[in-house]
Amino acid sequence: MPDRLQSSTSLNGGGADLDAVETSEWLEALDAVLAHDGPDRARQLLTRVIERAQHSGTGLIGSLNTAYVNTIPPEREPPFPGDAALERRLRSIVRWNAIAMVVRANKLSSELGGHIASYQSLATLYEVGYNHFWRAPSESHRGDLVYFQGDSCPGNYARAYLEGRLTEEQLDGFRQEVSKPGGLSSYPHPWLMPDFWQFPTVSLGIGPITSIYQARFMKYLHARGIAPTEPRKVWAFVGDGEMDEPESMGSAGLAGRERLDNLIWVVNCNLQRLDGPVRGNGKIIQELESDFRGAGWNVIKVIWGSRWDPLLDADTDGRLVKVMEDCVDGEYQTFKSRDGAYVREHFFGRDPVLLERVSHMSDDEIWLLNRGGLDQQKVYAAYDAAVRHTGEPTVILAKTIKGYGMGVSGEGQMITHQAKKMTEEALLQFRDRFELPLTDEQVRAPEYYKPPEDSQEMRYLRECREALGGAIPMRRRKAEPLPVPPLEEFKAQLEGTGERQISTTMAFVRVLAALLRDKAIAKHIVPIIPDESRTFGMEGMFRQIGIYSPFGQLYQPQDSEQLMFYKEDEHGQILEEGITEAGSISSFIAAGTSYSAHAVQMVPFYIYYSMFGYQRVGDLVWAAGDSRTRGFMLGGTAGRTTLNGEGLQHEDGHSHALFPVVPNCRAYDPAYSYEVAVIIQDGIRRMVGEQEDVFYYITLMNENYVHPAMPDGAQEGILRGMYRLRHADSPAVHLLGSGTILNEVVAAAELLQSDWDIRADVWSVTSFTELRRDGIEVERWNMLHPTDQPRRAYVGERLSEVPAVAATDYIRAFADQIRQWVPGSYRVLGTDGYGRSDSRRGLRRFFEVDRHYVVLAALRELDPAKAAAAIKRYEIDPDVPIPTRV
Ligand SMILES: Cc1ncc(C[n+]2csc(CCOP(=O)(O)OP(=O)(O)O)c2C)c(N)n1
Ligand SMILES: [Mg+2]
């Protein structure tokens, strides 16, 4: 067994005892301190002793692990404040309805799916929270935020049904959102159930990391005086298998470092994931305990239920705890799939003394020895300690049983995760075990069960929630809109740069600076940067608005003499995330959903190295969409040839081919300063003014060039996706360009005129993606209204039937998106292939998107003889291998 999975007792100080008398004297001294001065004093003394020893070179003493028992001993548990029997009855009813919902859906069609086992392991952990801890937003409290485990949502629906929030018809619409109005989404999806679910969690790892940054963002809002977020808590339910996702533990250090004591994680240690045990050969709880403790978390283990208390109390020789530590999770799983006799033989039977100690217990009594995460008393004690804990985030490691109550249909079985059905026998046994007042027929149906509204159970359920402020989960759709800055606010960007050469990144920084000067909106702006501010020329903002740090600045920064020094500040506005794109986008989601979770509209600008965006954290981008995040993602140093020196792993020529898949993302590839300003201004209008649930992806480049003034009337086209930049009378060809390649396209139009006497007009395409969306909508409308006057796509409306050529800094698929709406022939140039380092000129020639290739593409459409002449004239090698092959 690997060392770290072994018990704490065997980790250090092993080997034979050299002097038993001396050992017992030390232990007696410790007992005396414990008896007279208590555990705190004992810890203090031992710490001093260990410090002294380590100073003399003993090496590491002790471990981050404690014994495999509950962190809170029975004598320190607060009494359970609820009606224990009534809560058990209610919990049993919720359990039943969750099962009935999945079983009924799958009777209809096994296509529909759903999960039973996850919720059955979680029911106690949820119900104690619902009845005693989780506050809904009310006059007196702004509400806790709970990240529910995705696969357990049948349990949330079943409870909402008892609370009268969902009807039986809606439960019967589980996973039938298309065919049944009001049908319930398969998992927590704010996009699909915008008044109910707040956080999408089912892509494993997304819930954990976004919950950390949510808690952090709440501290930020509070520190900046924007919204009071104390004493609200963020609760996140995480699967023990889910903990293997890098996103789950990846930001645990941030939570510890920033002392996020508003964060509580409950890891449901049911010991199983989908295929089998999480740590068959070890113990997940012990492994997580040391990981979390090392990351600065308060760890509460809830392993054993109350029925173990007398046995543990009698375990003065530590034999029971030793067996508990020696057994691995694979065995614990097997125990719970068998019966009391098996547990007697294979657990207690490991030590003859223990076997004797339980000889007075029947097999049934042994079977009833319960696990901590399924014992409301133990769970209550852990939650109570967690909400009181200050200075650290808390993780509760709760041991449960996957498929609890499913009996032969899945309890503790390898196959349980995907079980969507239960046999009639198992359902009847479930009814008996949980004492549900259902006839055999009702069980077989299976029928939902709801006690009469005036029953004790229902009154209790309502009273508990009323005391906590109302129902959860509940999602707010809107916040108070903020005043939208008029376009004139960005006048400097609209006017052109004259002789000056700047990049679109610089143009963006100026737009941001203008927003930070706008009193109405400035404090709502949240710049988010993963260690790349200097790359984007944003370091001036460090001093101006400060970098958020809960501790202010405990050191004199090296550059303190300079005007723009590195300033960390308790009230800082910038979220400087360090090198974590996953963390940064989690902050983006927290800030961009603040209108919902905190009733205050924030406007995040998350700027990053474009290559490390979608392709790095695509699933979190998807979650941002599902979460209805509002804000701007800015892919800096974008394009395959604008970032010339960095080569293959840095040059992004495809993020614009990835973003169109996110339905509520508006993606733009602007070339000029005024385009950046128009797009951002309109984005703020839509998201902040109109409260539309869209977010923006805007690429920015670092190539410097002159930016013209905005042509009259260009605004509509910029937003819809294209506008005419250069007019030509009766053009022979349309040239389309986007991003910095637009400059090559403009040069190509000049070459066509000067070298070949051909007139071309030039179109700046700000968004092939928006143009495609428009085309698809129009085409669909025309299909569905065959006898009406057909509508025209924007592309078709703007272009005539002469040939068109498009060039971009992205793969051809990006510009190809609009092919079917281009009225004439259409030729596309793009940068398919791996990036390389060279000069921009060299790269553009290599990828065949430079001005000469644009000219060649146009001539090829117009006159093959001229095209052949152009190949010679521009020294193009027709036999050079295609860049995707070399
Ligand atoms: C990123 C991702 N990978 C895989 C899955 C598929 N999946 C859903 S649940 C599950 C097992 C979850 O086990 P655990 O986290 O222990 O949760 P439990 O159901 O046991 O509480 C898997 C593999 C997913 N939803 N998301
Ligand atoms: Mg699990």
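The model is predicted. Ligand 1 is surrounded by 18 residues. The structure holds 51 salt bridges. A nonpolar patch of Phe551, Leu554 and Tyr555 lies on the surface.

**Ligand 1**

- The closest of the 18 surrounding residues are Ser118, Gln149, Asp240, Glu242 and Lys402.
- Serine 118 places a polar side-chain atom 2.5 Å from an oxygen atom of ligand 1.
- Aspartate 240 also reaches the ligand with its side chain: a polar atom there lies 2.8 Å from an oxygen atom of ligand 1.
- Leucine 204 makes its contact through the backbone, where an N or O atom lies 3.1 Å from a nitrogen atom of ligand 1.
- Taken alone, ligand 1 exposes 590 Å², and the protein buries 75% of that.

**Serine 92**

- Serine 92 sits in helix H2, which covers residues 84-108.
- Its relative accessible area is 2%, so serine 92 counts as buried, the cut-off being under 20%.
- A polar atom of the serine 92 side chain lies 2.8 Å from the backbone oxygen of arginine 88.
- In an α-helix, residues three or four places apart point the same way, because there are 3.6 residues a turn.
- Leaving aside residues up to four places away in sequence, serine 92 touches Phe434 and Leu436.

- Tyrosine 555 lies in the loop between strand E8 (547-548) and strand E9 (568-569).
- Tyrosine 555 has a relative accessible area of 40%, so this residue is partly exposed.
- Together with Phe551 and Leu554, Tyr555 forms a nonpolar patch with about 340 Å² of accessible area.

**Helix H12**

- Helix H12 spans residues 329-337.
- Its buried residues are Asp329, Gly330, Tyr332, Gln333, Phe335 and Lys336.
- Those buried residues pack against four helices: H9 (284-294), H11 (319-326), H13 (340-346) and H15 (363-367).
- They also pack against strand E5 (394-399).

**Salt bridges**

- Side chains of opposite charge can pair when their charged atoms come close.
- Glutamate 287 pairs with arginine 279 in a salt bridge, with the closest N and O atoms 2.7 Å apart.
- Both glutamate 287 and arginine 279 are buried.
- Glutamate 703 and arginine 844 meet through their side chains in a salt bridge of 2.7 Å, N to O.
- This pair links distant parts of the chain, with the two residues 141 residues apart.
- Glutamate 703 lies in the loop between strand E14 (695-699) and strand E15 (705-706), while arginine 844 lies in helix H33 (residues 840-846).
- Glutamate 703 and arginine 844 are both buried.
- Arginine 819 forms a salt bridge with aspartate 816, where the closest N and O atoms are 2.7 Å apart.
- Arginine 819 has a relative accessible area of 36%, so arginine 819 is partly exposed.
- Aspartate 816 is also partly exposed, because its relative accessibility is 30%.
- Elsewhere, salt bridges that share partners join Asp315, Asp317, Arg319, Asp351 and Arg357 into one network.

Definitions and conventions: Residues are numbered from 1 along each chain as its sequence is written. Chains are lettered from A and ligands numbered from 1 in the order in which they are written. This is a predicted model: local features need pLDDT of at least 70, side-chain atom pairs count only at pLDDT 80 or more; totals for chains, interfaces and linings use all residues. Side-chain values use heavy atoms; hydrogens and water are left out. Buried means under 20% relative accessible area, exposed over 50%, partly exposed in between (1.4 Å probe, protein chains only). A polar contact is a pair of N or O atoms within 3.5 Å; within protein, one must be able to donate a hydrogen and the other to accept it, and residues adjacent in sequence count only if both atoms are side-chain atoms. Contact means heavy atoms within 4.5 Å. Patches are made of residues with over 30% relative accessible area and no salt bridge: like charges are joined within 9 Å, nonpolar side chains (Val, Leu, Ile, Met, Phe, Trp, Tyr) within 5 Å. Accessible areas come from the Shrake-Rupley method with a 1.4 Å probe; for residues, only the protein chains shown count as cover. A salt bridge is a side-chain nitrogen of Lys or Arg within 4 Å of a carboxyl oxygen of Asp or Glu. A residue is near a molecule or strand if one of its heavy atoms lies within 4 Å of it.
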